[in-house]
Number of protein chains: 2
Amino acid sequence: MGRAKRMERVVALTKILVDHPQHLFSFSYFCKKFEVAKSTLSEDVLAVKTGLELFGLGKVETLSGAAGGVRFIPGHKLEDDNEFLKELAVKLADPERILPGGMLYITDILCNPQLVVRLGEIFRSRLQHLAPDYVMTVETRGISLALLVARAFNVPLVMARHDNYVTEGPTVNINYVSGSAKEIRTMGLPKRMLQPGSKVLIVDDVMKAGGTGRGMVELATEVGAVVVGKAFLIETAEPATKMLEDYTAFFRLHSVDGENRKITIEPILG
Amino acid sequence: MGRAKRMERVVALTKILVDHPQHLFSFSYFCKKFEVAKSTLSEDVLAVKTGLELFGLGKVETLSGAAGGVRFIPGHKLEDDNEFLKELAVKLADPERILPGGMLYITDILCNPQLVVRLGEIFRSRLQHLAPDYVMTVETRGISLALLVARAFNVPLVMARHDNYVTEGPTVNINYVSGSAKEIRTMGLPKRMLQPGSKVLIVDDVMKAGGTGRGMVELATEVGAVVVGKAFLIETAEPATKMLEDYTAFFRLHSVDGENRKITIEPILG
């Protein structure tokens with residue numbers, strides 16, 4: 001293949017950077033790939049940076065020195081993120097979502113890849129200062145969201161489970177009180193998944209009383225990790241007293257009124 | 001904001017297209033966003049297409065007419081995909097993955113966002129002729145993979161579960177025989193997740209005897225969907241007789257020899 005033109009290189013560079021959020025590529029990786037000198041690559045990188053930032057589509061960071069390189073930091077304009085959350089709040093308030101017992105059906109949202117990709121980036125934008133080494137969740141429904149939060153941070157996902165599985169190897173288990181159901185449940189984590197001393201961000205879809213979230217905090221602590229944050233897509237207004245403190249939520253669910261078929265939910269804007 | 005230069009538009013266009021695999025954007029969406037005429041946009045689109053295809057980073061399709069527009073088709077060069085599968089096979093053969101009972105620990109692979117994004121694209125490349133409306137899996141371990149296969153196809157994920165949950169609404173349930181454990185288990189799907197008559201691609205991480213896969217086929221059929229394909233990351237060589245036919249696998253696990261600490265696994269190249 002002949003040497004590519006600048007426009008072609010810039011397209012390829014954009015694609016590769018965007019596909020690997022937060023991953024630090026060495027300059028020599030791209031110099032070799034595109035068969036260009038570092039000075040030419042620097043101009044290409046600047047073009048990507050300028051284009052992305054002009055349209056509020058994320059940032060490009062360059063680090064100089066021997067350990068240097070270039071990386072893409074996902075994120076959108078704050079007003080675009082807020083607009084996205086407002087639109088999602090409208091979807092979440094659709095009375096068709098009302099389930100018996102005042103529950104809200106949100107599985108379709110969590111199974112929509114485009115929506116969870118964007119939510120993952122919004123979680124990261126609001127929580128970037130936490131710089132976690134892992135994102136942790138507990139099966140099942142929050143897995144898709146947690147995975148894409150992990151992707152936006154470029155860290156592995158760690159998945160706690162309610163049963164012991166032969167496919168997980170040795171696990172550390174704890175018992176916890178599921179806040180809403182007031183049941184004692186068990187939660188376990190494969191020992192090999194989490195390095196002791198690492199920083200963990202806990203992510204789940206819904207927090208009611210916070211019992212499950214608290215269980216995850218205890219489990220992470222039990223394996224020697226440090227919980228740097230807890231983030232939930234939706235928190236419920238009731239019960240007002242939570243078993244967790246210092247968490248982040250993106251929506252507050254005030255009420256699900258089955259009789260009048262009305263859901264009251266507000267986005268918590270950044 | 002003043003009108004952007006071509007290079008800046010092309011960067012933004014690349015980013016937006018790549019972020020929404022298979023999503024058809026109307027030309028007018030981009031004409032409005034970039035404040036350019038359609039002829040100018042056409043040249044921008046051509047630049048993105050040329051750059052991506054030159055480096056084997058996916059395709060750009062344009063459809064003309066009133067329902068027309070532009071979309072990004074994810075995918076890599078076949079030799080790059082094969083190289084990726086070969087490298088992953090080496091990782092999978094690490095003796096540290098051996099668990100008691102000849103099981104293989106793969107949760108870390110399935111919890112690595114970068115790897116599953118790429119695997120999702122490889123699944124799509126090999127199965128694009130199936131054109132599913134939904135990707136379906138069963139909790140828990142295959143969810144991350146299935147979600148990113150769904151993302152590559154730009155369709156929703158449908159998640160069967162082993163228990164009934166108050167958060168899912170009415171479900172359709174079936175009993176099935178877990179092939180390896182010879183247990184009778186239950187699997188259910190929220191009725192509202194899947195439209196009758198829709199085309200479903202079943203995805204899971206590992207297929208041994210195929211009992212769980214067969215359960216998913218029965219469940220999908222029970223809700224009136226049409227199963228167009230079954231795809232598994234890994235199939236085991238044993239048992240040789242499977243409860244499923246006509247499936248696609250990307251790795252074949254021949255043996256896990258705990259005594260000699262040796263795993264034999266081969267990638268199934270495209």
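These are my notebook entries on what I looked up in this predicted model.

**Conventions.** I number residues from 1 along each chain as its sequence is written, and I letter chains from A and number ligands from 1 in the order in which they are written. Since the model is predicted, local features need pLDDT of at least 70 and side-chain atom pairs count only at pLDDT 80 or more, while totals for chains, interfaces and linings use all residues.

**Chain A overall.** I looked up the secondary structure and noted 8 helices and 12 strands in chain A; helices (H or I, at least four residues) and strands (E, at least two) are DSSP runs, numbered from the N terminus. The C-alpha atoms of chain A fill a box of roughly 65 × 45 × 30 Å, taken along the principal axes. Of the 270 residues in chain A, 47% are buried, where a residue is buried if 20 or more other C-beta atoms, placed from the backbone, lie within 10 Å of its own. I also looked up contacts, meaning pairs of residues whose C-beta atoms, placed from the backbone, lie within 7 Å; among the contacts in chain A with a separation of 6 or more, 64% join residues 24 or more positions apart.

**Domains of chain A.** I found chain A divided into domain 1 (6–73) and domain 2 (78–267), with bounds that come from an automatic or database domain assignment. The C-alpha centres of these two domains of chain A lie 33 Å apart, and 4 residues of domain 1 are in contact with 5 residues of domain 2. The side of domain 1 of chain A that touches domain 2 has 1 nonpolar, 3 polar and no charged residues; here Ala, Val, Leu, Ile, Met, Phe, Trp, Tyr, Cys and Pro count as nonpolar, Asp, Glu, Lys and Arg as charged, and the others, Gly among them, as polar.

**Where chain A meets chain B.** I noted that 48 residues of chain A are in contact with 47 residues of chain B. On the side of chain A, the elements that give two or more residues include α3 (38–54), α6 (113–127) and β6 (157–160), but α1(A) gives the most, with 9 residues. By class, this side of chain A divides into 28 nonpolar, 12 polar and 8 charged residues.

In helix α7 (residues 143–153) of chain A, 11 of its 11 residues are buried, and α7(A) is followed by A:N154, whose phi is positive, near 55°. Helix α6 (residues 113–127) of chain B reaches 21 Å from its first C-alpha to its last, and 11 of its 15 residues are buried, among them B:R118, B:E121 and B:R124.

**The sheet of chain B.** I traced an open sheet of 6 strands with mixed pairing, in the order β6-β5-β9-β10-β11-β12; two strands pair if DSSP finds at least two bridges between them. The edge strands β6 (157–160) and β12 (262–267) of chain B each pair on one side only. The twist averages 25° from one strand to the next, with axes being lines fitted to C-alpha atoms, for helices over the stretch in contact, and angles running from 0 to 180 degrees between N-to-C directions. Helix α4 (residues 78–92) of chain B packs on the sheet, touching β11 and β12, and its direction makes about 165° with that of β12(B). Strands β10 and β11 of chain B pair in the parallel sense over 5 bridges, and B:A231 stands opposite B:T248 in β11(B). Helix α7 (residues 143–153) of chain B lies across β5, β6, β9 and β10 of chain B, running at about 180° to β5(B).

How values were computed:
Expected span 1.5 Å × (residues − 1). Buried ≥ 20, exposed ≤ 12 C-beta atoms within 10 Å, placed from the backbone. Contact = placed C-beta atoms within 7 Å.
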